[in-house]
Amino acid sequence: MKIFQKKNIPNILSVFRILLIPVYIYLFLAFFPDRLYYSGAVFVLAGATDILDGYLARKNNWVSNIGKLLDPLADKLIEVAALILLATRWGGGFVALAIVALLKELLMILGAYVIVVKAKVYVMSMWFGKLTTFLLYVEVLVVSFLSGVISATVCDIMSLVVIISMLLTFVMYYISYRRSIKLAMGNESVQRKG
C-alpha cells in the first residue's frame, strides 16, 4: 500500500497536525520574547491544515475510515492542549473552559464509540460543532496575538461564550446520536423481520 498517494493527502495533513502539537506546546512554554506569537502561528497553521484536509477530502471524495478517525482526533488534541496551557497560564475562565471541553470530549468519544461500534452508524460533524471550533480558535488566537492588550474580563467573557456554545453543541450531538441509534435499530429490526 502506497502512503503517498493523492487520496491520502487529507490523512497526511491530519498526521502533520498531530505532529504540530508538541511544537505548539514547546513554543507556548518557551522562555523567549514573542513566544505566544509563534505558538499562535502554529495554531493558525493547524487550523489551516484542518480546513485544507476537509476541503480536499470532500472535493475529491478522498474520504477514508482512517481519516474519519484521524481528522477529529487531531482537532481535539490540539484544542485540548491549547486549553490546558491557557488554563495553567491565566486561570480564570480558561480553567472552566478546559474542564467543560475535557468532559464534553470524553462524553462525545463514548457516544461516538456506541454509535460507530455498536450501532454501525457514522455521524458526521455538523455546523454547530464547526461553530464551536471556530469560536475556540478565535479565543486562542486573540489571546496569542493580543494578550498584552485584552483584559482578563474580556477573556472570561470569551470563555463563557465558548462554554455555552460547547454545551449547546453537546446537546445537539446527543439528539443527533439518539436519532441515529433509533434509526439504526429500527432498520435492524426491519431486516430481521424481512
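Author: Start with a definition: on a 1 Å grid over the protein atoms alone, a cavity is a set of points where a 1.4 Å probe fits but cannot get out, and its lining residues have an atom within 4 Å of a point. This is a predicted model, in which local features need pLDDT of at least 70 and side-chain atom pairs count only at pLDDT 80 or more, while totals for chains, interfaces and linings use all residues. Residues are numbered from 1 along each chain as its sequence is written, and side-chain values use heavy atoms, with hydrogens and water left out.

Reader: How much space lies in the largest cavity?

Author: A volume here is the space filled by probe spheres set on the grid points, which are joined across faces, edges and corners. The count comes to one cavity of 30 Å³ or more. The space in the largest cavity is about 40 Å³.

Reader: Which element gives the largest share of the lining of the largest cavity?

Author: The lining is made up of Lys76, Glu79, Val80, Leu83, Ala101, Glu105, Leu136 and Met166. Two elements, H3 and H4, each give two or more residues; helices are DSSP runs of H or I, at least four residues, numbered from the N terminus. The largest share, four residues, comes from H3.

Reader: How many residues of that lining are charged?

Author: Ala, Val, Leu, Ile, Met, Phe, Trp, Tyr, Cys and Pro count as nonpolar, Asp, Glu, Lys and Arg as charged, and the others, Gly among them, as polar. On that basis the lining has five nonpolar residues and no polar ones. The number of charged residues is three.

Reader: Which residue does glutamate 79 form a salt bridge with?

Author: A salt bridge needs a side-chain nitrogen of Lys or Arg within 4 Å of a carboxyl oxygen of Asp or Glu, and the closest N and O atoms of this pair are 3.7 Å apart. Glutamate 79 is buried (under 20% relative accessible area; exposed is over 50%, partly exposed in between, with a 1.4 Å probe and protein chains only), at 5%. Its partner, partly exposed at 26%, is lysine 76.

Reader: How far apart in sequence are the parts that glutamate 105 and lysine 76 tie together?

Author: The side chains of glutamate 105 and lysine 76 meet in a salt bridge at 3.8 Å, N to O. Glutamate 105 lies in helix H4 (residues 93-118) and lysine 76 in helix H3, so the parts tied together are apart in sequence by 29 residues.

Reader: What is the distance between the closest N and O atoms of glutamate 105 and lysine 104?

Author: Glutamate 105 is buried, at 11% relative accessible area. Lysine 104 is buried too, at 8%. They form a salt bridge whose closest N and O atoms are apart by 2.7 Å.

Reader: How many residues has the largest nonpolar core?

Author: A nonpolar core joins buried Ala, Val, Leu, Ile, Met, Phe, Trp, Tyr and Cys residues through side-chain atoms within 4.5 Å. Those with the most contacts inside the largest one include Leu83, Leu136 and Met166. The number of residues in that core is 29.

Reader: Is leucine 136 buried or exposed?

Author: Leucine 136 is found in helix H5. Leaving out residues up to four places away in sequence, it touches (heavy atoms within 4.5 Å) Glu79, Leu83, Leu97, Val162 and Met166. At 2% relative accessibility, leucine 136 counts as buried.

Terms used: On a 1 Å grid over the protein atoms alone, a cavity is a set of points where a 1.4 Å probe fits but cannot get out, and a pocket is an open set with protein on both sides within 12 Å along at least five of seven lines; lining residues have an atom within 4 Å of a point.
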